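Please look over the sequence and the structure before reading on.

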Amino acid sequence: VQLQAFGGGSVQTGGSLKLSCVGSARTFDRYAMGWFRQAPGKEREFVTTISRSGTTYYTDSVEGRFTLSRDSAKNTVYLQMNSLKPEDTAVYYCAATLGPASVITNAYEYWGQGTQVTVSS
C-alpha cells in the first residue's frame, strides 16, 4: 500500500491541526495504522495507532489532545490534534501494517512521506 500524508502546517501554542493519511490499497481496512513523529536530532517516536477494528492507543504525551480515526470508505485515517504544544513540533509520518496495531516502529511495513508540524510559543 502507498500512503500519502497531508495537513501539516504552522500553528501557535494551543492551536489545532488535522492530519490525513490516504492509502492506495482497496484492502485498506486490512491494515492497522499508526502515526509516528520525528523531531530534529531525535529518534522517530510513536504517537498513536488504530487497529483494524478501530481500537486506538495513544502515547501519554498526546492522550486527551489527539484523536485518531479511520474512514475505510475513503481509505483514510485522520489525526485531529488539539491543544498543540511546542514539543509537538516534528515531522509526522503515517504507517501501515498487516500485523496487529503496534507502538513499535519496525512493526510497520509501509510508510508515508511525512508532513511537517510546527508549533510556536
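**Salt bridges and buried arginines**

A search of the whole structure finds 3 salt bridges, a salt bridge being a side-chain nitrogen of Lys or Arg within 4 Å of a carboxyl oxygen of Asp or Glu. The model is predicted, and local features are reported only at pLDDT of at least 70, side-chain atom pairs only at pLDDT 80 or more, while totals for chains, interfaces and linings use all residues. Residues are numbered from 1 along each chain as its sequence is written, and side-chain values use heavy atoms, with hydrogens and water left out.

- Side chains of opposite charge can pair when their charged atoms come close.
- E45 and R37 form a salt bridge in which the closest N and O atoms are 2.7 Å apart.
- In that pair E45 is partly exposed, with a relative accessible area of 38%, whereas R37 is buried at 4%; buried means under 20% relative accessible area, exposed over 50%, and partly exposed in between, with a 1.4 Å probe and protein chains only.
- R37 also forms a salt bridge with D88, where the closest N and O atoms are 2.9 Å apart.
- This second pair links distant parts of the chain, with R37 in strand β4 (residues 32-38) and D88 in the loop between β8 (76-81) and β9 (90-97), 51 residues apart; strands (E, at least two residues) and helices (H or I, at least four) are DSSP runs numbered from the N terminus.
- Both R37 and D88 are buried.
- D88 forms a further salt bridge with R65, and here the closest N and O atoms are 2.8 Å apart.

**Around R65**

- R65 is buried, with a relative accessible area of 11%.
- A polar atom of the R65 side chain lies 2.9 Å from the backbone oxygen of S83.
- Leaving aside neighbours within four places in sequence, R65 is in contact (heavy atoms within 4.5 Å) with Q80, M81, N82, S83, L84, K85 and D88.

**R70, a buried arginine without a salt bridge**

- R70 is placed in strand β7 (residues 66-71).
- Which side chain of opposite charge is nearest to R70? The nearest is D29, at 6.5 Å, and R70 is buried yet has no salt bridge; in this count Lys and Arg are positive and Asp and Glu negative, with His and the chain ends not counted.
- The side chain of R70 does reach backbone oxygens, that of Y31 at 2.8 Å and that of F28 at 3.2 Å.

**The chain as a whole**

- The chain has 0 helices and 11 strands.
- Of its 121 residues, 44% count as buried.
- Among contacts between residues at least 6 apart in sequence, 58% join residues at least 24 apart.
- The C-alpha atoms fill a box of roughly 40 × 25 × 25 Å, taken along the principal axes.

Note on methods: Polar contact = N/O pair within 3.5 Å; in protein donor to acceptor, adjacent residues only side chain to side chain.
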